[in-house]
Every structure is written in C-alpha cells, then in structure tokens.
Amino acid sequence: MVQHEARRLKVLWQYEVLDTVPEEVFDDLTELAARICEAPIALISLVDEDRQWFKSKVGISAKETSRDVSFCSRAIEQTDLFIVADALKDKRFASNPLVTSGPKIRFYAGAPLITPDGYALGTLCIIDKKPRSLRADQKAALKVLARHIVSQLELRHRTRELAAVKKAGKTCEQRIRKLEAALARAKKALAKLKAS
C-alpha cells in the first residue's frame, strides 16, 4: 500500500496541476456537477501527501484542507463512487471537524479521478449540509464528469510532454547542425593539410 501510494503521488506530481490557477474548463465541470446533483458544494479535489487541494470549487471559499480529515482521501481508495449518506451517523466521520463544524458536511459523494494507468489523483465530489442520497442518473453523471476531468488533465499532461519533446528535438537538431558544421570545417582543414 505504501509503495502504491508513493507511486500515486509521483503520478500526481507529474500532472503539474497542484497549486495552479483556476481554469474555466474545470470550473464548468464542477458547476455542472453541483447543478446535476442539486448540491450546494462541488469540488475537484487533488489529494497529495498532506492535504487535499481544490483545483475547482463551488460553494466554499477554502482552497484546501488537511488530508487527515479529508473525505476524498477515503474516496481515492475506491474505484467507484464513495458515498456517505449521513456523516453524523457514520462512525468514520461523525467526529470529523468538517462534520462537527464548518462546512458541516452531512452528505458526501465522490467519484475518483482515475488516470489511464489506474492511479486516483483525487475526486470530483459533491457535498450537502443535510443527509440525502443520489438518484441513479446523478450517480452516472458524476462518473461521466469525473472521466471528463481526467481527460482534461491527461490532455494538459500530454501537451506539456509533446512540447518538451519538440523542444528537445530542436535542441538535438541544433546540436547536429553544429556538429555537421564542425565536421565540414574539420574536413576542409584536413583537405588543406593534405594539399600542402
């Protein structure tokens, strides 16, 4: 488990998304999750070593919370939706400060953001201040939106990789040209030596 977690964190850092500015594409997906699930709070949460950081948020002002009180840190251990119908009646969360004080979470549903390699980076989650459930169509929509978020993260990641390869390629081409020019100069010098 510790080895898996170390690898998961490495993958998360490779996406270079932690502590980045808000982006409309992610904000739109978060807003859509809140509306579809009729929830006052929706988040795209990325779980690192010590915290869960919110790439996008609706209904709260916090930018992050400690991982040890995070519902999302439990959700990333699942491959499907992680749902807590009533946090006050769930012994895992009843004394959690996010339940007993602000934002007073009672309902939580999180869809893990799973990379193509199978690592959960975080969640798309919705939160309510009253106990409740989700309809089947809302559950399905949350999963679809989570997959769209991963697609966006993957697109960003692959675009950066491609740019790095192109940059490295240009650098290699420049080095090859310099070596070819140096070789041509050396051949001319050698030819002059042979002629003299």
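Before you start: residues are numbered from 1 along each chain as its sequence is written, and side-chain values use heavy atoms, with hydrogens and water left out. Since the model is predicted, local features need pLDDT of at least 70 and side-chain atom pairs count only at pLDDT 80 or more, while totals for chains, interfaces and linings use all residues.

**View 1. Ile-127 sits in strand β6.**
Strand β6 covers residues 120-128; helices (H or I, at least four residues) and strands (E, at least two) are DSSP runs, numbered from the N terminus. Ile-127 is buried, with a relative accessible area of 7% (buried means under 20%, exposed over 50%, partly exposed in between, using a 1.4 Å probe and protein chains only). Skip the neighbours within four places in sequence, and Ile-127 still has contacts that include Pro-40, Leu-43 and Phe-107; contact means heavy atoms within 4.5 Å. Now look for Glu-64: it is 63 residues away along the chain from Ile-127, and their C-alpha atoms are 15 Å apart.

**View 2. Here's the largest nonpolar core, with 32 residues.**
A nonpolar core is a set of buried Ala, Val, Leu, Ile, Met, Phe, Trp, Tyr and Cys residues joined through side-chain atoms within 4.5 Å. Leu-46, Leu-113, Leu-124, Ile-126, Leu-142 and Ile-149 touch the most other members. Elements giving two or more residues to this core include α1 (2-14), α2 (24-36), β5 (107-114) and α5 (136-195). The largest share, six residues, comes from α5. A separate core has 20 residues, among them Val-47, Val-69, Ala-75 and Phe-82. In soluble globular proteins, nonpolar side chains tend to be buried together.

**View 3. Zoom in on Leu-142 and its contacts.**
Once you leave out its neighbours within four places in sequence, Leu-142 is in contact with Ala-33, Cys-37, Leu-81, Ala-109, Ala-111, Leu-124, Ile-126 and Leu-134. Leu-124 and Ile-126 are also on the list of core residues that touch the most other members.

**View 4. Strand β2 pairs with β1 and with β3.**
Two strands pair if DSSP finds at least two bridges between them. β1 and β2 run antiparallel over six bridges and form a hairpin with three residues between them. In this pairing, find Ser-45 opposite Phe-54 in β2. β2 also pairs in the antiparallel sense with β3 (residues 64-66), over three bridges, and there Arg-51 stands opposite Ser-66. This second hairpin has five residues between the strands, and Gly-59 takes a positive phi near 90°. β2 is mostly covered, with seven of its eight residues buried.
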